[in-house]
Structures are given as structure tokens and as C-alpha cells.
Amino acid sequence: MKRKIIDLPRSFAQLTNDWIINVRGKAAGEGVTGTGQVAYGAQPRWETTIDLAAIGCEGLRTWSAIQSSMRGRINVLRVPLIDLCPVDLGIPGLDEWSMSHIPHSDQSPFSDGAYYAQEPTVVMPSLLEAGAEEMTVDASSVNHVLEPGMWFSHDDWPYRVTGMWEGEGGATTFSFEPPLRRDIPQGHEITLQATALMVFETDLEGRMPLERGRLITASVKLLEWTSRP
């Protein structure tokens, strides 16, 4: 069965989220020493409950279209991991521009007044193999703001930084969880605007009842799609 990927817009308000790694341990009975034993799977996954907010009928229609397109647990939702404690990702030398407003080299916009859209990314200097728990990179492209507790992702596989220390030649080593699920080839970029491919926990997730004069909200339980090709 081919599963369609539905995008949740980054502009959609996420009031709360509680992303957590479920290592998916299963009780394996009591050992001969009298202590409990746990067997762990080879593939941990992210789980979360996100409270979404929509303003007015336009927001309600947008979410209703997304929720219906999911077809219960059949299709997959690409979810942006929104940091509720954001940091400044401004580019050095462009004090007046945000990461989403990058001009041409002569500081001019397109003819319609728009600017380039640029994600805060870091280039991988060498192959990082699946199973890795650390990476050493030059984080100057993101103003060295990648810190413990922050997100990055590659190919919609998200990771959370758990530690950092300075290396040689201006590079920084970061530890992260969970261990790398797929190789990241040399020259590929990781993005700080992390995304994850998630599925509904139940077929009836995402009900968003409309009440006159009130903010429209929906609570959605999501599980990471770890069996993806």
C-alpha cells in the first residue's frame, strides 16, 4: 500500500507539544536474581500529542482538509517540530534580515517584492553512518546556536541534541538522540527546521469542533512512521 504524505503547515499554531522517545521496551519476566527484565526493540520512535489551534472558519477548513486526507491511519503527516522556546537564527552580516528574507547579492528582491526562502542548515563534512550518536560539524552557518535540547533533522528523521563540546578548527561535536536511523552522506545538509513523518495513533484523531466566538482547537496523538521505505 502506497501511503500519501500530507504536510502540516509550519504556520499552523501548535499550542503545546510533548515530543518524547519511546524506546519500546517490553517486560521479559523476572530474572534469576529477582529483578525485572526488559527487552528493547531495535527501532525507537518519537511520539507526541500536539494541541493545534485554528482561527476562524478558514483555519477550520484547512485542518479539516488535512484531517480528512489522512484517511485515519492510512496516510502520513509531515509535522514541523516547532520549538516553543525559539532562538535567533539570524545570518551573520544580515542583521536586518531573518532566515526567511534573504535578498539577492545586490540586496534587491524579486520583481514581486519577495525574497529567497532559506532554511537554517548545516553541511555534513563527511559520511555519518546509521547508528552514530555524535557528529562533528561547523555550525557557523547557523550562528552556532545549535544547543542541547534543540532539534535537527535529515530526510524527515528528527533528532534532539543532548550535548556539545568544542573541537579542533572551529568545529563542534554534538551528541544526539535517538541514534542515527539512516546514513547522512557527505555534503548533505541537516536542517534546524526539523520535520518528522508521523501517523495518527487512532483512526479518529484530530476532531476540531467549531464553537461560535471561540478559538478552535484539536488534540492529535501521533506516532513516528519508522517502517518507512
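Trainee: Which residues form a nonpolar patch on the surface?

Mentor: Good place to start! Keep in mind that this is a predicted model. Here the nonpolar patch on the surface consists of Leu15, Ile55 and Leu215, and together they have about 330 Å² of accessible area.

Trainee: Let me take one of them. Where is leucine 15 found, and is leucine 15 buried or partly exposed?

Mentor: Leucine 15 belongs to strand β2, residues 13-16.

Trainee: Can we step back to the whole protein? How many helices and strands are there?

Mentor: The protein has one helix and 15 strands. Of its 229 residues, 38% are buried. The protein exposes about 13200 Å², with carbon and sulfur atoms supplying 51% of that area.

Trainee: What share of the contacts join residues at least 24 apart?

Mentor: Take the contacts between residues at least 6 apart in sequence: 68% of them join residues at least 24 apart. Here is a pair to look at in space: cysteine 85 and methionine 150 are 65 residues apart in sequence, while their C-alpha atoms are 9.4 Å apart. Cysteine 85 sits in the loop between β7 (76-80) and β8 (121-123), and with a relative accessible area of 60% this cysteine is exposed.

Trainee: Now to charges. How many salt bridges are there?

Mentor: First the general idea: side chains of opposite charge can pair when their charged atoms come close. In this structure the count comes to six salt bridges. One of them joins the side chains of arginine 78 and aspartate 7, at 2.9 Å from N to O. This pair links distant parts of the chain, with arginine 78 in strand β7 and aspartate 7 in strand β1 (residues 5-7), 71 residues apart.

Trainee: Are arginine 78 and aspartate 7 buried or partly exposed?

Mentor: Arginine 78 is partly exposed at 23% relative accessibility, and aspartate 7 is partly exposed at 43%.

Trainee: Which parts does the salt bridge between arginine 181 and glutamate 224 tie together?

Mentor: In that salt bridge, the closest N and O atoms of arginine 181 and glutamate 224 are 2.9 Å apart. Arginine 181 lies in the loop between β12 (172-177) and β13 (189-191), and glutamate 224 lies in strand β15, so the pair ties together parts 43 residues apart in sequence. Arginine 181 is buried at 9% relative accessibility, and glutamate 224 is buried at 4%. There is also a network: salt bridges that share partners join Asp7, Arg78 and Asp156.

Trainee: One last residue, please. What does arginine 228 touch?

Mentor: Leaving out residues up to four places away in sequence, arginine 228 touches Asp155, Asp156, Trp157, Arg182 and Leu197. Arginine 228 is placed in the segment after β15 and is buried, with a relative accessible area of 9%. Its side chain reaches the backbone oxygen of aspartate 155 at 2.7 Å. The side chains of aspartate 155 and arginine 228 also meet in a salt bridge, at 3.4 Å from N to O. That pair links distant parts of the chain, 73 residues apart: aspartate 155 is in the loop between β10 (151-154) and β11 (157-166), and arginine 228 is in the segment after β15 (216-224).

Terms used. Residues numbered from 1 in each chain as written. Predicted model: local features only at pLDDT ≥ 70, side-chain atom pairs only at ≥ 80, totals over all residues. Heavy atoms only, no water. Helix = DSSP H or I, 4+ residues; strand = E, 2+ residues; numbered from the N terminus. Buried < 20%, exposed > 50% of the residue type's maximum accessible area, 1.4 Å probe, protein only. Salt bridge = Lys/Arg side-chain N within 4 Å of Asp/Glu carboxyl O. Patch = residues over 30% accessible without salt bridge, like charges linked within 9 Å, V, L, I, M, F, W, Y side chains within 5 Å. Areas by Shrake-Rupley, 256 points an atom, 1.4 Å probe, with all protein chains shown as cover. Polar contact = N/O pair within 3.5 Å; in protein donor to acceptor, adjacent residues only side chain to side chain. Contact = heavy atoms within 4.5 Å.
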